[in-house]
Amino acid sequence: MINYKERLKDITTFVFDYDGVMTSGDVLVDGNGEPLRSSNVKDGYAIQLAARLGYNIAVITGGYSISIEKRMMMLGVKDVFVRSSNKVGVLQKYMETNNLKPEQIVYMGDDLPDYPVMKMVGIPVCPADASPEIKDISLYISHFGGGKGAVRDIIEQVLKAQDKWMKDFSCYIW
């Protein structure tokens, strides 16, 4: 069986859940009923870097708030699928539209709605605080929790495996 690190060389695409992956999963609600989420700046830095380096990046989430779309747009993520009750269908269409094979994709999820889509990709991964069922199917479990650097962790590993980490410094200025 191939070690997941060897598979990182084939990755062209990162797909992430949002709540519990890019955030801790804690949601505060403001006086207007708008959910407030906390995200990690190092995760954000890695996302925008991967986008600048030409990787496909997508977010597929069942959640919604305008802040999700705004943050992703700010980081250079063009493919944001919110209110996704059928993540499998969204990922299938995304793969067809972008002519992607499963082995080109890392998917990071943290809970049961991510299970079927994680089974569709070459490298399913999760944060340290993912549900046990998600950990069971992940080829890699980050040492970092959701919203605490797990996204940065997997992006950095891919860039290092492809010898793109700390190479083109024009991309490193945010």
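## Terms and basis of the model

A residue is called buried when its relative accessible area is under 20%, exposed when that area is over 50%, and partly exposed in between, with a 1.4 Å probe and protein chains only. D114 has a relative accessibility of 1% and therefore counts as buried.

The model is a predicted one, in which local features need pLDDT of at least 70 and side-chain atom pairs count only at pLDDT 80 or more, while totals for chains, interfaces and linings use all residues. Residues are numbered from 1 along each chain as its sequence is written, and side-chain values use heavy atoms, with hydrogens and water left out.

## The sheet

Helices (H or I, at least four residues) and strands (E, at least two) are DSSP runs, numbered from the N terminus. Two strands are said to pair if DSSP finds at least two bridges between them. Strands of a sheet pair through backbone hydrogen bonds, either parallel or antiparallel. In this model, six strands form an open sheet in the order β5-β4-β1-β6-β7-β8, and the pairing is parallel. Strands β5 (79–81) and β8 (140–141) are the edges, each pairing on one side only. Helix α4 (residues 87–97) packs on this sheet and touches β1, β4 (56–60), β5 and β6; the direction of the helix makes about 160 degrees with that of β4. Here, contact means heavy atoms within 4.5 Å. Such angles run from 0 to 180 degrees between N-to-C directions, and the axes are lines fitted to C-alpha atoms, for helices over the stretch in contact.

Strand β6 (residues 105–108) has I105 and Y107 pointing one way and V106 and M108 pointing the other way, and all are buried. Strand β1 (residues 13–16) runs parallel to β6 and is joined to it by four bridges; among the residues involved, F16 has M108 as its bridge partner in β6. Three bridges join β6 to strand β7 (residues 123–126), again in parallel, and Y107 stands opposite P124 in β7.

## Salt bridges

Side chains of opposite charge can pair when their charged atoms come close. A salt bridge is a side-chain nitrogen of Lys or Arg within 4 Å of a carboxyl oxygen of Asp or Glu. By this rule the structure has four salt bridges. One of them joins the side chains of K87 and D17, at 3.1 Å from N to O. This pair links distant parts of the chain, since K87 is in helix α4 and D17 is in the loop between β1 and β2 (28–29), 70 residues apart. Both K87 and D17 are buried. K87 also forms a salt bridge with D114, where the closest N and O atoms are 2.7 Å apart. Because K87 lies in helix α4 and D114 in the loop between β6 and α5 (115–118), this pair ties together parts that are 27 residues apart in sequence. K87 counts as buried because its relative accessibility is 8%.

E156 counts as buried because its relative accessibility is 18%, whereas K160, with a relative accessible area of 47%, is partly exposed.

## Aromatic pairs

A pair of aromatic rings is described by the distance of the centres and the angle of the planes. Rings of Phe, Tyr and Trp (its six-membered ring) pair if their centres lie within 6.5 Å; planes under 30 degrees apart count as stacked, over 60 as edge-to-face and the rest as tilted. The structure holds four aromatic pairs. One of them is the tilted pair of F14 and Y55, with 5.5 Å from centre to centre and 55 degrees between the planes. F14 in strand β1 and Y55 in the loop between α2 (41–52) and β4 are 41 residues apart, and the pair links these distant parts of the chain. Both F14 and Y55 are buried. The pair of F81 and Y94 is edge-to-face, at 6.0 Å centre to centre and 75 degrees between the planes. F81 is in strand β5 and Y94 in helix α4, so this pair ties together parts that are 13 residues apart in sequence. F81 is partly exposed, with a relative accessible area of 25%, while Y94 is buried at 3% relative accessibility. F14, F16 and Y55 form one aromatic cluster.
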